[in-house]
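Take a walk through this protein model, one region at a time. Keep the structure open as you read.

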Amino acid sequence: MKILVINAGSSSMKYQLINMDTEEWIAKGICERIGIDGAVSASAAGGRELEYEVKLDSHTQAFQEIKKILTCGECKVIDSLGEVAAVGHRVVQGGSTFNKSVLITDEVIKVVEELSDLAPLHNPANVQGIRACRDVFGPDVPQVAVFDTTFHSTMPEEAYMFAIPYEYYEKYHIRRYGFHGTSHRFVSQRCAEIMGRSVEDLKIVTCHIGNGASITAVKNGRVIDTSMGLTPLDGFIMGTRCGGIDPSILLYLQEKEGWTAKETDAVLNKKSGKLGISGLSSDDRDLVAAMNAGDSRALLALRMQRYQVRKFIGSYAAAMDGVDAIVFTGGVGENSINMRESVCKHLSFLGITFDPKRNEELVLGAEGELSTPQSKVRVFVLPTNEELLIARDTKQVATQIITQL
């Protein structure tokens with residue numbers, strides 16, 4: 001069975017075609033700058049690659065381009081889209097409505113659109129991707145929505161509620177939703193596999209650290225808390241996001257600077273975080289280079305993130321009454337030797353003993369353990385694979401539908 005995974009952004013469409021018999025990707029790529037000037041990059045198994053510019057006025061045109069890449073030319077991997085059994089879509093915000101991946105219907109699309117207020121940059125783009133696929137595939141190929149928020153839907157009320165008047169939860173559904181759910185679910189399950197234990201018997205802290213970053217407490221296979229909140233802005237310092245701050249800061253700066261709500265949002269989401277502190281970059285590689293050259297603000301930005309990561313791990317160990325394993329994933333989590341060592345060496349109270357040599361070896365997509373055999377808490381770096389998890393969910397839902405037919 002071949003599953004096509006689509007991750008649509010406001011001006012982009014990523015894709016990956018996966019052979020579910022082997023769970024290996026066959027082709028992948030991205031259409032970018034949709035509605036602007038258009039650019040495509042694509043790869044096919046065996047090392048074939050291509051890049052070119054093409055005008056893409058809409059997501060439907062972008063999907064037509066993906067169809068062309070998959071079925072003809074130097075990156076051809078299938079004879080026709082008829083070989084695709086189902087399509088899985090990443091959808092960022094499922095609200096309280098969806099606690100599992102679902103077959104996409106008109107009603108599902110309607111609800112996803114209604115939830116756009118909670119994810120204005122993401123849900124509308126996700127719907128565009130769904131409609132673009134429908135235009136090309138027609139109604140007979142099952143399409144499945146896999147939500148970023150689903151994995152976090154097991155959080156108890158005391159974890160997901162904010163201490164504001166309850167009426168705003170009832171009127172506007174203001175609560176903690178969490179994001180990066182597909183990544184946290186994938187690596188927590190993979191961690192259990194490596195440990196040779198059931199995820200239902202483990203307490204795991206998963207750290208997805210990239211330009212966007214979140215940490216999740218997974219107890220007995222269920223999320224009991226996560227760092228991102230109503231939006232991906234909450235939690236700890238990220239590339240350009242501030243993470244959790246005193247809300248009074250916003251009121252103070254709005255009064256002093258005269259910011260509108262939109263201007264405030266831009267500062268907190270796009271100008272803050274490691275970029276805002278360093279004044280240089282949101283990229284860890286740039287900051288490490290600047291730190292090594294003696295830049296004190298780059299050092300401060302990196303120290304702030306490492307400190308805050310430790311705080312979340314410690315608090316989640318307390319929330320779960322213990323921890324069996326800690327997992328690092330995401331672009332920074334998978335590659336930043338300095339960050340992982342700094343975090344783990346300051347968690348000695350948990351009984352962690354860290355292996356610096358293994359830490360230096362496990363980068364660039366490598367998978368393995370960072371702790372020594374004597375460590376009371378095991379520490380892993382595990383590359384995430386959100387597309388594969390989306391494909392697995394899509395296969396499960398699509399198989400059920402096909403069986404019913």
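This is a predicted model: local features need pLDDT of at least 70, side-chain atom pairs count only at pLDDT 80 or more; totals for chains, interfaces and linings use all residues.

Leaving aside neighbours within four places in sequence, Asp148 is in contact with Arg90, Val91, Val92, Gly178, Phe179, His180, Gly181 and Thr182. Asp148 sits in the loop between strand 8 (143-147) and helix 4 (157-160). Is this residue, Asp148, buried or exposed? Asp148 is buried, because its relative accessible area is 1%, and buried means under 20%.

Now step back into strand 8, where you find Val146. Val146 also counts as buried, because its relative accessibility is 1%. Which residues does Val146 touch, not counting those up to four places away in sequence? They are His89, Arg90, Val91, Ser101, Thr182, Arg185, Ile390, Asp393 and Thr394. Look at Thr394 in particular. Val146 and Thr394 are 248 residues apart in sequence. In space, their C-alpha atoms are 7.7 Å apart.

Next, the sheet. Strands of a sheet pair through backbone hydrogen bonds, either parallel or antiparallel. Here, an open sheet of 8 strands runs in the order 5-4-3-2-1-6-8-7, and its pairing is mixed. Strand 5 and strand 7 are the edge strands, each pairing on one side only.

Follow some of the pairs. Strand 2 (residues 13-19) and strand 3 (residues 24-32) are antiparallel, joined over 7 bridges. Tyr15 has Gly29 in strand 3 as its bridge partner. Strand 4 (residues 39-44) and strand 5 (residues 48-53) pair in the antiparallel sense too, over 6 bridges. Ala39 stands opposite Glu53 in strand 5. How many residues lie between strand 4 and strand 5 in their hairpin? There are 3. Gly46, in the turn, has a positive phi of about 100 degrees.

Now look at the nonpolar cores. The largest has 34 residues. Val205, Ile209, Ile313, Ile326, Phe328 and Leu350 have the most contacts inside this core. Several elements give two or more residues to it: strand 9 (203-209), strand 10 (213-219), helix 11 (296-319), strand 12 (325-329), helix 13 (337-345) and strand 14 (378-381). Helix 11 gives the most, with 4 residues.

A second, separate core has 32 residues, including Val146, Phe186, Ala192 and Ile204.

Turn to helix 8 (residues 261-270). Its buried residues are Thr264, Val267, Leu268 and Asn269. What do the buried residues of helix 8 pack against? They pack against helix 7 (247-257).

Finish with empty space. Rolling a probe the size of a water molecule over the atoms shows where such space is left. The second largest pocket holds about 380 Å³. It is lined by 16 residues, and Asn99, Lys100, Ser101, Asp393 and Gln396 lie nearest its centre. Strand 7 (102-103) and helix 15 (386-404) each supply at least two residues of the lining. Helix 15 gives the most, with 4 residues. What classes of residue make up the lining of the second largest pocket? The lining has 4 nonpolar, 8 polar and 4 charged residues.

Key:
Residues are numbered from 1 along each chain as its sequence is written. Side-chain values use heavy atoms; hydrogens and water are left out. On a 1 Å grid over the protein atoms alone, a cavity is a set of points where a 1.4 Å probe fits but cannot get out, and a pocket is an open set with protein on both sides within 12 Å along at least five of seven lines; lining residues have an atom within 4 Å of a point. Grid points are joined across faces, edges and corners, and a volume is the space filled by probe spheres set on the points. Ala, Val, Leu, Ile, Met, Phe, Trp, Tyr, Cys and Pro count as nonpolar, Asp, Glu, Lys and Arg as charged, and the others, Gly among them, as polar. Two strands pair if DSSP finds at least two bridges between them. A nonpolar core is a set of buried Ala, Val, Leu, Ile, Met, Phe, Trp, Tyr and Cys residues joined through side-chain atoms within 4.5 Å. Buried means under 20% relative accessible area, exposed over 50%, partly exposed in between (1.4 Å probe, protein chains only). Contact means heavy atoms within 4.5 Å.
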